[in-house]
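Here are my notes on the model, as numbered points. Please read them with the structure open beside you.

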Amino acid sequence: MEIQIIGVIGAGAMGSGIAQVSIEAGYTVFLQDINENALLKAKAGIEKNFNKMVGKGKMTEAEMTTALAHLVCTTNLLTACKDADLIIESVFENLEIKQDMFREFERLCRPETILASNTSALPITEIGSVIKRKDKVIGLLRPWSMSNKSARKQPWQLIMPVLLSAAC
Ligand SMILES: NC(=O)c1ccc[n+]([C@@H]2O[C@H](COP(=O)([O-])OP(=O)(O)OC[C@H]3O[C@@H](n4cnc5c(N)ncnc54)[C@H](O)[C@@H]3O)[C@@H](O)[C@H]2O)c1
């Protein structure tokens, strides 16, 4: 399955960064958070970062406009889940909250959607243990922290075979 649409759940420090590199790479991102202020802050931060990149000649105005057009911010979880090819959960580092999120993903996402957690320390097998679709659950490491520009442009192709660990 080709990934085109990504639902990023949680618009904090990590979620907003993931959304930023994903729209920069051409993906459509639905960035969801229960907190409207977090979404406003995330969008403003992404715009600020892109403006800096334009100022430094690392991105054109047109590229910035195109990337921003690929970002949809929403508090509605169904909106973020229903068309997503890939979900990246990046909410608080709490097992119960993450397990609840994955129960919701199973209810709201299409059967083929890949369900990823951006947890830094929790066992991905525990997070995925509460749903039936365990073969769709993966853990992410951080390609977005890489300095190499071409690696950042194709994060999924780069990390899928190497760094993602299946939870089944
Ligand atoms: N993979 C890594 O290398 C790495 C590095 C740092 C952090 N992390 C992980 O990324 C995750 C997010 O970390 P952060 O620093 O961005 O946290 P943060 O506190 O900055 O942001 C978390 C966001 O999740 C939102 N949220 C909480 N419950 C929610 C829900 N039910 N639905 C939607 N949104 C919800 C909050 O409103 C907040 O905006 C954590 O699990 C953290 O451990 C991973």
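Predicted model: local features only at pLDDT ≥ 70, side-chain atom pairs only at ≥ 80, totals over all residues.

1. Now the inward side of α5. Its buried residues are K98, M101, F102 and F105. Viewed down the axis of α5, these buried residues fall within an arc of 100°, so they line one face of the helix. Note that a lysine, K98, is on the buried list.

2. What covers that buried face? Strands and helices both contribute to the cover over the buried residues of α5. It includes the strands β1 (5–9), β4 (86–89) and β5 (114–117). It also includes the helices α4 (77–81) and α6 (124–128).

3. The length of α5 checks out. The helix runs over residues 95–108, which makes 14 residues. At 1.5 Å a residue, α5 should span 20 Å, and its end C-alpha atoms are 20 Å apart, so the two agree.

4. L95 has 14 C-beta neighbours inside 10 Å, so it counts as partly exposed. Setting aside residues up to four places away in sequence, L95 touches L122, E126 and I127. L95 and I124 are 29 residues apart in sequence, yet 9.6 Å apart in space, C-alpha to C-alpha.

5. E104 is the other one, also placed in α5. E104 is partly exposed because 17 other C-beta atoms lie within 10 Å. The C-alpha atoms of E104 and L78 are separated by 8.9 Å, although the two are 26 residues apart along the chain.

6. Is L77 buried or exposed? L77 is buried, because it has 21 other C-beta atoms within 10 Å, and 20 or more make a residue buried. L77 and G7 are 70 residues apart in sequence and 9.0 Å apart in space, C-alpha to C-alpha.

7. Next, helix α2. The buried residues of α2 are A38, A42, I46 and F50. They cover an arc of only 100° around the axis, which puts them on the same side of α2. The cover over these buried residues includes α1, β2 (28–32), α3 (61–69) and β3 (71–74). The face turned away from the buried side carries the exposed residues E36, N37, A44, K48, K52 and G55.

8. The geometry of α2 is also consistent. Its 20 residues should span 28 Å at 1.5 Å a residue, and the end C-alpha atoms are 29 Å apart, which agrees. Just after α2, G57 takes a positive phi of about 75°.

9. E36 lies in α2, which covers residues 36–55. E36 has 12 other C-beta atoms within 10 Å, so it is exposed. E36 and C73 are 37 residues apart in sequence, but 9.0 Å apart in space, C-alpha to C-alpha.

10. Turn to the ligand. How many residues surround the ligand, and which are the closest? There are 22 around it, and the closest are G10, G12, M14, A38 and E93. The elements that give two or more residues to this shell are α1 (13–24) and α5. α1 gives the most, with three residues. By type, the shell divides into ten nonpolar, nine polar and three charged residues.

11. Finally, the chain as a whole. There are eight helices and seven strands. Of the 168 residues, 36% count as buried. Among contacts between residues at least 6 apart in sequence, 66% join residues at least 24 apart.

12. The largest nonpolar core has 38 residues. Those with the most contacts inside this core are A19, V29, L31, I87 and I88. Take L31 as an example. Leaving aside neighbours within four places in sequence, L31 is in contact with V8, A11, G15, A19, L39, A42, L71 and C73. Among them, A42 is one of the buried residues of α2.

How values were computed:
Residues numbered from 1 in each chain as written. Helix = DSSP H or I, 4+ residues; strand = E, 2+ residues; numbered from the N terminus. Expected span 1.5 Å × (residues − 1). Arc of directions from axis to C-beta. Contact = placed C-beta atoms within 7 Å. Near = placed C-beta within 6 Å. Nonpolar A, V, L, I, M, F, W, Y, C, P; charged D, E, K, R; others polar. Core = buried A, V, L, I, M, F, W, Y, C linked by C-beta atoms within 7 Å.
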